[in-house]
Each structure stands twice: as C-alpha cells, then as structure tokens.
Amino acid sequence: AAALSQREALSLASAIAHTIFTAHERGIIYGMLSPSAIFVADDRSITVDPTAGAAAPDRWHSTYLSPEQVRGRAADRRSDIWAFGCILFEMLSGSPAFASDSPLAPARAAVLERHPDWSRLPGDVPTRILHLLRHCLQKDPKDRLHDIADARIEIDATLRTDTDFIERV
C-alpha cells in the first residue's frame, strides 16, 4: 500500500478517532479494528464495521491485535487505541507497523517481540504525531494513551498549526 499524504492521513485519522470515541462513549469496544473495517464516505464521514474482512486472511487479524489481545486477554479502549496507532502508522508509512518477515512467521510474534521500524515513517512527520504514535503503540496498555479523544485533539492541533506541519508534495 502506498502512504497517503500527511494531510490526508491526519484528516482521515482525526475522523477515525472521532468515530472510535463515539463508539467508546456508547460502551462499544471494537477489538478488531483494521483498514478493511473502515469505510470513508464521499462526505468524508467514517463508518467502522469490525466484521468487514473477517473472512480475509489472518494478516490483519494478527497485525492490528494489541499485545494483550495476542496474549488472550479481553480487548478494551486501549486495544482500539493500539489498532488506531497501527492504522495511522500504515497510512503515513505505506507499510504495517508490525509486519511478518515471512508467511511462516506470524505477525502476532512481531507485535509481542518487536517495535515498529520508526525509520519507515517519512522524515517530516511532525514531532507531535511521532509522540502520539509512540503513546498509541506502547506494549503495556497501562503506558498507552487511555482515551482516543486525546489522539484526535493532538491530530487536529497539528492540522491547524501550519508552522508544525510540512506538506509533502
């Protein structure tokens, strides 16, 4: 997959974060977020259907599961925040945050044993967004961002601050 422009990726991420926040406010935990579960309408509104792609190969099931889910624990808000971080990383870099080295090496192991290859992100990603990604992708859920609304606030602040944002051409 090709990386999106930073402005496009951050605009979509803001809308995705808002949709996740709305679900969380209603007591809904997705637990299986992936790019195939996110639908963008012509008006840029976002719909999330975690059952979409459920019959797809195991790749996304492994790649977007949080470490605690890989270990068999129940998903909570922070699991959705992990998946959101994976999705944002992929939108910015064009590659998964936790990829398998081969079809025989499951991505689940990568989620538990590795950290994202931060060098795959464009060099001009704003520092605020790098910090956000690091807070979303903490292995220990206690150290992870606790509310997706905070992610949306950081993304929207970045989009509004022209001096902190360098548009890729």
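Reader: Which residues of α6 meet α7?
Author: This is a predicted model, where local features need pLDDT of at least 70, side-chain atom pairs count only at pLDDT 80 or more, and totals for chains, interfaces and linings use all residues. Residues are numbered from 1 along each chain as its sequence is written, and side-chain values use heavy atoms, with hydrogens and water left out. Contact means heavy atoms within 4.5 Å. On the α7 side are A151, E154, I155, A157 and T158, and they meet R128, I129 and L132 of α6.

Reader: How many residues of each class are in the contact of α6 with α7?
Author: Ala, Val, Leu, Ile, Met, Phe, Trp, Tyr, Cys and Pro count as nonpolar, Asp, Glu, Lys and Arg as charged, and the others, Gly among them, as polar. The contact of α6 with α7 has five nonpolar, one polar and two charged residues.

Reader: At what angle do the axes of α6 and α7 cross?
Author: Helices are DSSP runs of H or I with at least four residues, strands are runs of E with at least two, and both are numbered from the N terminus. Axes are lines fitted to C-alpha atoms, for helices over the stretch in contact, and angles run from 0 to 180 degrees between N-to-C directions. The axes of α6 (residues 127-136) and α7 (residues 148-160) come within 9 Å, and they cross at roughly 165 degrees.

Reader: Why is α4 oblique to α6?
Author: Angles under 35 degrees count as roughly parallel, over 145 as roughly antiparallel, 65 to 115 as roughly perpendicular and the rest as oblique. The axes of α4 and α6 are 8 Å apart, at an angle of about 140 degrees. That makes α4 to α6 oblique.

Reader: Which residues of α6 make the contact with α4?
Author: From α4 come I81, W82, F84, G85, L88, F89 and L92. The classes are ten nonpolar, one polar and no charged. The α6 partners are I129, L132, L133 and C136.

Reader: How are α1 and α7 placed to each other?
Author: Their axes lie 8 Å apart. The angle is about 155 degrees. So α1 and α7 are roughly antiparallel.

Reader: Which element gives the most to the lining of the largest pocket?
Author: On a 1 Å grid over the protein atoms alone, a pocket is an open set of points where a 1.4 Å probe fits, with protein on both sides within 12 Å along at least five of seven lines, and lining residues have an atom within 4 Å of a point. About 160 Å³ of space lies in the largest pocket. Of its eleven lining residues, the closest to its centre are L4, L12, P35, I87 and M91. With three residues, the element that gives the most is α4.

Terms used
Points joined across faces, edges and corners; volume = space filled by probe spheres on them.
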